[in-house]
Amino acid sequence: MDASVNPLDALPDRWRPLAERSAELLRSHQDQGGAWPASPGFAPYQYCWFRDGSFIADGASAAGLYEEADRFHGWCARVLERERPAVERVVAMLEEGRQPADSDYLPARYDLDGTRHEDDWWNFQVDGYGTWLWALERHLTRVSIGDPTTYAAGIETAVRYLVATGTDTCRDWWEENRDQTHVATLAGVAAGIHAAMRMGTLPDVLVAQALALAERCVSLIRTEGVHDGHLVKWLGGTDVDASLLAVAALYDVLPLDDPLVTATVAAIELTLVDGGVHRYATDTFYGGGQWPILAVLLARHHTRTGNPDRAAELLDWVISTADSDLLLPEQVSPLLAPDVLDEWLDRWGPSAHPLLWSHGAFLASMSTH
Ligand code: BGC
């Protein structure tokens, strides 16, 4: 891609102010080492998640912020190089048939300087490591000078970790349900492995294991991740979750026109959409509002399946959630469980605002590749 072309210039007028504001926010809130806090100003989110960060970097790269995306990917690769001994320990324990403690696994989030933040967060969630590989490859294919060998050590560590843990139970995109195997997580793992294979830097010994893992993830999704013709939140479950929109529209793990995907999107539209998109029907986090990142994800599905009008409607809704300073929230009313809101307000104060993932997702939605 020609770095002198600003991808935001091609946007319709009504989307450009938020896109430009989003790009400015990603620039100004990136730590000098490359990390992005999930939300500047919201104390529990002053850390860099592999999941949020990778989606933010994807938006940055889609918007032409190539140096910022490079810096983030460099940060991830350095974190993974430092974590290599921890990954080797987890691999060895599992090979010896010993069950690691949750604190033995890689965490979901780090301090901005890339060190572990020692607390009792709900840390064991592996999707972020697959999502990083997915976002890295997308970035490298956007910038023609991108060279995966720079990241080879980090890519190898992430793949070794996923081969060891990728189909185990762990927490989901929402850091919940530790004892389930989540369909969106399996899709993130498979997408990361597919991306790693295409980047072509894996040592031969790892290639066969990686391929087998990706096939197993897809086969688990298709066999145990289905109920009543649609995908479900976790293997053996019955309910949908809006994170399932990522399976095809983002991760390309199932085809967009697969009947399972079509039925899943229909079920989500029917049960979780009310202007914006709720995470899942029984969500109580901050009362269970509607999340701009999920409206963007649904818009992406519709853009890619040839329904630009529905996509535009959803993106207009996202814009309507921005405040007068064009900051996007994590979530907004209407709430599914308004009675629970006060509990969260007492615990942490108002919910995250701005959420950088919301801004990154909005930027990513401006390009469909
Ligand atoms: C969300 C996660 C997210 C984290 C930081 C949590 O409330 O459920 O998906 O990674 O916040 O934004």
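Mentor: Start with Y45: an N or O atom in its side chain is 2.6 Å from an oxygen atom of the ligand, a polar contact, meaning a pair of N or O atoms within 3.5 Å (within protein, one must be able to donate a hydrogen and the other to accept it, and residues adjacent in sequence count only if both atoms are side-chain atoms). R51 places a polar side-chain atom 3.0 Å from a ligand oxygen, and for the side chain of R279 the distance from an N or O atom to an oxygen of the ligand is 3.1 Å. The protein covers 97% of the 310 Å² of accessible area that the ligand has on its own, with areas from the Shrake-Rupley method and a 1.4 Å probe.

A word on the source: this is a predicted model, where local features need pLDDT of at least 70 and side-chain atom pairs count only at pLDDT 80 or more, while totals for chains, interfaces and linings use all residues. Residues are numbered from 1 along each chain as its sequence is written, and side-chain values use heavy atoms, with hydrogens and water left out.

Now widen the view. Around the ligand there are 13 residues, of which Y45, R51, D52, W173 and R279 come nearest; to count as near, a residue needs a heavy atom within 4 Å. This shell holds eight nonpolar residues, five charged ones and no polar ones, with Tyr and Trp among the nonpolar types, Asp, Glu, Lys and Arg as charged, and Gly among the polar.

The whole structure has 29 aromatic pairs, that is, rings of Phe, Tyr and Trp (its six-membered ring) with centres within 6.5 Å. W49 and W121 form one that is edge-to-face (planes over 60 degrees apart), because their ring centres are 5.9 Å apart and their planes meet at 75°. W49 belongs to strand β1 (residues 48-49) and W121 to the loop between β2 (109-110) and α4 (127-142), so the pair ties together parts 72 residues apart in sequence. Helices (H or I, at least four residues) and strands (E, at least two) are DSSP runs numbered from the N terminus.

As for the backbone, S333 and P334 are joined by a cis peptide bond with omega about 0°, and P334 lies in the loop between α11 (308-320) and α12 (341-348). Another cis bond links H353 to P354, with omega about 5°; P354 is in the loop between α12 and α13 (356-365). Finally, E175, a residue other than glycine, has a positive phi near 65° and sits in the loop between α5 (152-165) and α6 (183-199).

Note on methods
Rings of Phe, Tyr and Trp (its six-membered ring) pair if their centres lie within 6.5 Å; planes under 30 degrees apart count as stacked, over 60 as edge-to-face and the rest as tilted.
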